[in-house]
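Please examine the sequence and the three-dimensional structure shown below.

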Amino acid sequence: MPVKVCQPLTWPEQRPSAYLLPRSVGAAEAQRASAVDGRPIVYWRPGCHYCLRLRFSLGGLARRAHWVDIWRDPAAAAAVRAVAGGNETVPTVVLGDQAVVKPDRAWFREQLRAS
């Protein structure tokens, strides 16, 4: 008797965290917008529990940042590797010239409130 393999339960596009985070933009678009409006860039990826925790801790403040999915944009993944010692560690927050890998949630909330 053949073994039946069940498919895992998935959300549309197999990207459940994409529905819980603000709309993602490309790295170039986020960098241009951040240069104009001074808002931070948050690099994230679907399925990252740390990213989800950060997002939920921010509440409505999350809309004050530019969110970039590193799995959709190779330039974003390269930007993260450049500041994270060659790793694609997320969440990574870029605020001006400062990059913070896995930022403290309270610190980031304060940065967003000030922006």
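The largest nonpolar core comprises 26 residues, and those with the most contacts inside it are Val42, Tyr43, Leu58, Trp67, Val68, Ile70 and Phe108. A nonpolar core is here a set of buried Ala, Val, Leu, Ile, Met, Phe, Trp, Tyr and Cys residues joined through side-chain atoms within 4.5 Å; buried denotes under 20% relative accessible area, exposed over 50%, and partly exposed the range in between, with a 1.4 Å probe and protein chains only. At least two residues of this core are supplied by each of α1 (27-37), β1 (41-44), α2 (49-58), β2 (66-69), α3 (74-83), β3 (92-95) and α4 (105-114). The largest share, four residues, comes from β1. Helices (H or I, at least four residues) and strands (E, at least two) are DSSP runs, numbered from the N terminus.

This is a predicted model, in which local features need pLDDT of at least 70 and side-chain atom pairs count only at pLDDT 80 or more, whereas totals for chains, interfaces and linings use all residues. Residues are numbered from 1 along each chain as its sequence is written, and side-chain values use heavy atoms, with hydrogens and water left out.

With its neighbours within four places in sequence left aside, Phe108 is in contact (heavy atoms within 4.5 Å) with Pro40, Val42, Leu54, Leu58, Ala65 and Val93.

Attention now turns to the sheet. Its four strands follow the order β2-β1-β3-β4 in an open arrangement with mixed pairing; two strands pair if DSSP finds at least two bridges between them. Because β2 and β4 (98-101) stand at the edges, each with a single partner strand, one side of each lacks a neighbour in the sheet. From one strand to the next, the twist averages 20°.

The antiparallel strands β3 and β4 are joined by four bridges. Val93 has Val100 of β4 as its bridge partner, and Leu95 stands opposite Gln98 in β4. The two strands form a hairpin with two residues between them, and Gly96 in the turn has a positive phi of about 65°.

Against the sheet packs α3, which touches β1, β2, β3 and β4 and whose direction makes about 100° with that of β1. Such axes are lines fitted to C-alpha atoms, for helices over the stretch in contact, and angles run from 0 to 180 degrees between N-to-C directions.

Taken as a whole, the protein has four helices and four strands, which run α-β-α-β-α-β-β-α from the N terminus on. Of its 115 residues, 37% count as buried.
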